[in-house]
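Hi everyone, thanks for coming. I'd like to walk you through one structure today, starting with its ligand and ending with some charged pairs.

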Amino acid sequence: MSNPILLSSPLLEGNEKKYVEEVLQSPYIAAGGTFLDRFEKAFTPLLDPHKLIALNSGTSAIHLALILLNVKEGDEVICQSFTFCASANPIVYLGAKPIFVDSEEDTWNMCPIALEEAIIDRMKFGKKPRAIIIVDLFGVPAKYDELCALSMKYEIPILEDAAESLGSSYKGKACGTFGEFGVFSFNGNKIISTGGGGALVSKNLDLLEKGRYLSTQAREKVHYFEHHAVGYNYRMGTIPAAIGLAQLETLDQKISQRRAVFANYQKMLDDFSEISFLAEPAYVFSNRWLTAIQIDSQKAEYNREDLRIALEKEQIESRYLWKPLHLQMVFKDFPYYGTDIAEKIYDKGLCLPSSSHLTMEDQLHVVKVIAALHQKKASPNV
Ligand SMILES: *Cc1c(COP(=O)(O)O)cnc(C)c1O
């Protein structure tokens, strides 16, 4: 039996081992040494004039961003509903209240119309939201012209959750740089991985500096332990930074490979009228982190669950899209604005194996499983 085909596994074929060995031979396995600094500086060509601080997860980056945006107990924060729970959990850590907003069909990200409706309605209750968390799902940027205009109009800062979209851009501007803060994740299956890690992006260097201070237990700059604030242990360690530096060196290659995986699926499934893909408009560049398909069950005899099971039987990992947060038990009591767009996309969606090093043979295997289900339609007696 061949190896299982995973949804998105890291590829560590660059300088990862070399850099980690360098760290292991130094006295700086936890903090200190040069790798953290080198890792952070390596983002300059991508983000300039924005800078970033490397942290131990994307979730901690969102938490710190909300603290730096002055989100306090009782405040309201708008959040895209169609996303991973980590986009919204930090709102609750702070005793604030998430207000969920629906997606639109073109990008699957926050719907500007529903966003404005939410802002106006919350202001009617006398609560102006403190921040708007927008996500670039599966590496596709949200509609920033419209969303940024609303952020300016109502003077509410954007926190861009770009955990899935490192290397993507919108009208030539890099994902992660659209808000007061941006966030990346380097968790296990993201486009680059440090084994676990994240980053906080901003062009407000004073606030970033404050983030760095809070992420290292709010230690005052004296030789002994002096603290004037409650801090967090959120800084990235040296070993993840060493891995991250090597990963970042091959980001462009990983993006080309993921884009090729996406293009191959699109080409091979072109004749399958029940299957559709998220389009990339001319002004968008997507890292195509995961290939997510939509299956129209009205045009086929199978749905996403049938396909997931059929793939699982062949040891192929696939996964549902993120279940919208307003439908999650844990968030069910929070307000939601929009209709059922995110829900409909979720109901029809499945993420296919999308590793940057997915072989053509493995991809053909995935397509064969889909083709077998697709053909059942033509022979109803099976
Ligand atoms: C992965 C992810 C996160 C969380 O990042 P971690 O590094 O796992 O904490 C946040 N938001 C989205 C949309 C993600 O996909």
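So, how many residues surround the ligand, and which are the closest? There are 16 of them, and the closest are T59, D161, E164, S185 and K190; a residue counts here if one of its heavy atoms lies within 4 Å of the ligand.

Quick note before I go on: this is a predicted model, where local features need pLDDT of at least 70, side-chain atom pairs count only at pLDDT 80 or more, and totals for chains, interfaces and linings use all residues. Residues are numbered from 1 along each chain as its sequence is written, and side-chain values use heavy atoms, with hydrogens and water left out.

Back to the ligand. One of its oxygen atoms has a polar side-chain atom of T59 2.5 Å away, and a ligand nitrogen is 2.7 Å from a side-chain N or O atom of D161. Taken alone, the ligand exposes 380 Å², and the protein buries 94% of that (Shrake-Rupley method, 1.4 Å probe).

Now the salt bridges, meaning a side-chain nitrogen of Lys or Arg within 4 Å of a carboxyl oxygen of Asp or Glu. The count comes to 18. Take E116 and K153, with their closest N and O atoms 2.8 Å apart. E116 sits in helix α6 and K153 in helix α7, 37 residues apart (helices are DSSP runs of H or I, at least four residues, numbered from the N terminus).

And to finish, a network: salt bridges link E40, E209, R212 and R235. Within that group, E209 and R212 come to 3.3 Å at their closest N and O atoms.

Definitions and conventions: Polar contact = N/O pair within 3.5 Å; in protein donor to acceptor, adjacent residues only side chain to side chain. Helix = DSSP H or I, 4+ residues; strand = E, 2+ residues; numbered from the N terminus.
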